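This report goes through selected residues of one protein chain. The sequence and the structure come first, and the notes follow.

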Amino acid sequence: MSEEAEYILDRRRMKNRLNKWRFLTILVGFIAVLAFIAVDKRLASKLGLTDQIARIEVSGVILESKERAKMLKQIASDKSVKGLIVRFNSPGGTTTGGEALYTNLRKIAKDRPVVAVFGTMATSAAYMSGVAAEHVVARGNSITGS
């Protein structure tokens, strides 16, 4: 065999070895990423790989909010969210804002449990929205009512 043919065969062998090592490196990297996701629950929950309970805070004056409505629709459509906790600390707000919040909470409550937690104050629109939940938790000295 000529030196040129040996050189070509040697290059092919080296290329094959290099391809095997590349494949093994990618495989080990993929397994490492899967192991990291399995160990890090926070990352897995952000990726939607685990069940979770959503929690939102409603404080201050309740106004009609497109951002809040969008967030609640995302919670309603996310199958990894198994429940919702809504914490109220509000003196109330507008009738349209309270009604929109009530309607969005009822949509979520059809499929999964919703719990309202009344803080220091949950009056007017906050109270109206809070009763959309299946269960309401309030302290003995919380100011609640319409």
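Beyond the neighbours within four places in sequence, Ser-129 is in contact with Phe-88, Gly-98, Leu-101, Tyr-102 and Leu-105. The structure is a predicted model. Ser-129 itself lies in helix H5. Ser-129 has a relative accessible area of 0%, and it counts as buried because that value falls under the 20% limit.

Helix H5 spans residues 125-130, and the loop between E3 and this helix holds Ser-124. The phi angle of Ser-124 is near 55 degrees, a positive value in a residue other than glycine. Most residues other than glycine have a negative phi. At 34% relative accessibility, Ser-124 is partly exposed.

Helix H4 covers residues 95-109 and includes Asn-104. Once neighbours within four places in sequence are set aside, the contacts of Asn-104 are Ala-69, Leu-72 and Lys-73. Asn-104 is buried, its relative accessible area being 10%.

One of these contacts of Asn-104, Lys-73, also belongs to a patch of positive charge on the surface, together with Arg-106, Lys-107 and Lys-110. Lys-110 sits in the loop between H4 and strand E3, the strand being residues 114-123.

What is the distance between the closest N and O atoms in the salt bridge of Arg-87 with Glu-57? These atoms are 3.8 Å apart, and the pair counts as a salt bridge because the distance is within 4 Å. The pair links distant parts of the chain, with Arg-87 in strand E2 (residues 81-93) and Glu-57 in strand E1 (residues 52-62), 30 residues apart. The structure holds one salt bridge. Side chains of opposite charge can pair when their charged atoms come close. Arg-87 is partly exposed at 33% relative accessibility, and Glu-57 is partly exposed at 44%.

The table lists the accessibility of the residues discussed above.

| Residue | Relative accessible area and class |
|---|---|
| Ser-129 | Ser-129: 0%, buried |
| Asn-104 | Asn-104: 10%, buried |
| Arg-87 | Arg-87: 33%, partly exposed |
| Ser-124 | Ser-124: 34%, partly exposed |
| Glu-57 | Glu-57: 44%, partly exposed |

Terms used: Residues are numbered from 1 along each chain as its sequence is written. This is a predicted model: local features need pLDDT of at least 70, side-chain atom pairs count only at pLDDT 80 or more; totals for chains, interfaces and linings use all residues. Side-chain values use heavy atoms; hydrogens and water are left out. Helices (H or I, at least four residues) and strands (E, at least two) are DSSP runs, numbered from the N terminus. Buried means under 20% relative accessible area, exposed over 50%, partly exposed in between (1.4 Å probe, protein chains only). Contact means heavy atoms within 4.5 Å. Patches are made of residues with over 30% relative accessible area and no salt bridge: like charges are joined within 9 Å, nonpolar side chains (Val, Leu, Ile, Met, Phe, Trp, Tyr) within 5 Å. Accessible areas come from the Shrake-Rupley method with a 1.4 Å probe; for residues, only the protein chains shown count as cover. A salt bridge is a side-chain nitrogen of Lys or Arg within 4 Å of a carboxyl oxygen of Asp or Glu. Lys and Arg count as positive and Asp and Glu as negative; His and the chain ends are not counted. The place of a charge is taken as NZ of Lys, CZ of Arg, CG of Asp or CD of Glu.
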